[in-house]
Amino acid sequence: MKKTIKIILSILFFLCLLNMPYGYYQLVRFLALVGFGFLAFKANEEDKREQVFIYIALALLFQPFYKIGLGREIWNVVDVVVGIGLIASMFITERDNFKIRTKD
């Protein structure tokens, strides 16, 4: 489930680089809040405090209730960095899980 959320959020963030209607960006902000909230919850269950902090910070950054006005150019950079970070986190987690399994 975590992988699916990360992939969907990454795709949504990369699509933000296109000229989309304003409603799309509002939808992305809401879905990002829900997705990052869920990822923070799961990270907390796994006792991964750093990830909890990162996901909560991202949820607050993308939350739809109080608009953070960074400008389109900066938001594009944020979308790309977060999208790449989400994809990279899937590979880092897989590598760490592989190391743990082979150690036993």
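Me: Quick one to start: is lysine 48 buried, partly exposed or exposed?

Reply: Partly exposed, because lysine 48 has 26% relative accessibility. Buried means under 20% relative accessible area, exposed over 50%, and partly exposed in between (1.4 Å probe, protein chains only). One caveat: this is a predicted model, where local features need pLDDT of at least 70 and side-chain atom pairs count only at pLDDT 80 or more, while totals for chains, interfaces and linings use all residues. Residues are numbered from 1 along each chain as its sequence is written, and side-chain values use heavy atoms, with hydrogens and water left out.

Me: Which residue does lysine 48 form a salt bridge with?

Reply: Glutamate 46, with the closest N and O atoms 3.2 Å apart. The rule is a side-chain nitrogen of Lys or Arg within 4 Å of a carboxyl oxygen of Asp or Glu.

Me: Which residues are in that network?

Reply: Salt bridges link Lys2, Glu46 and Lys48. Glutamate 46 meets lysine 2 at 2.8 Å, N to O. Lysine 2 is in helix 1 and glutamate 46 is in the loop between helix 2 and helix 3 (49–62), so the pair ties together parts 44 residues apart in sequence. Helices here are DSSP runs (H or I, at least four residues), numbered from the N terminus.

Me: How many salt bridges are there by this rule?

Reply: The count is 4. One of them joins glutamate 45 and lysine 42 at 3.4 Å, N to O. Those two are 3 residues apart in helix 2, about one helical turn.

Me: Switching to rings. How many aromatic pairs?

Reply: 6 aromatic pairs. Phenylalanine 13 and phenylalanine 62 are stacked, 4.7 Å centre to centre with 25° between the planes. Rings of Phe, Tyr and Trp (its six-membered ring) pair if their centres lie within 6.5 Å; planes under 30 degrees apart are stacked, over 60 edge-to-face, the rest tilted.

Me: Are phenylalanine 13 and phenylalanine 62 buried or exposed?

Reply: Both are buried. Phenylalanine 62 also pairs with tryptophan 75: centres 5.5 Å apart, planes at 50°, so that pair is tilted. Phenylalanine 62 sits in helix 3 and tryptophan 75 in helix 4 (residues 72–103), 13 residues apart.

Me: Which residues make up the aromatic cluster?

Reply: Phe13, Phe36, Tyr55, Phe62 and Trp75.

Me: Last thing. Where is leucine 18?

Reply: In the loop between helix 1 (2–15) and helix 2 (22–45). Leucine 18 is partly exposed, at 46% relative accessibility.
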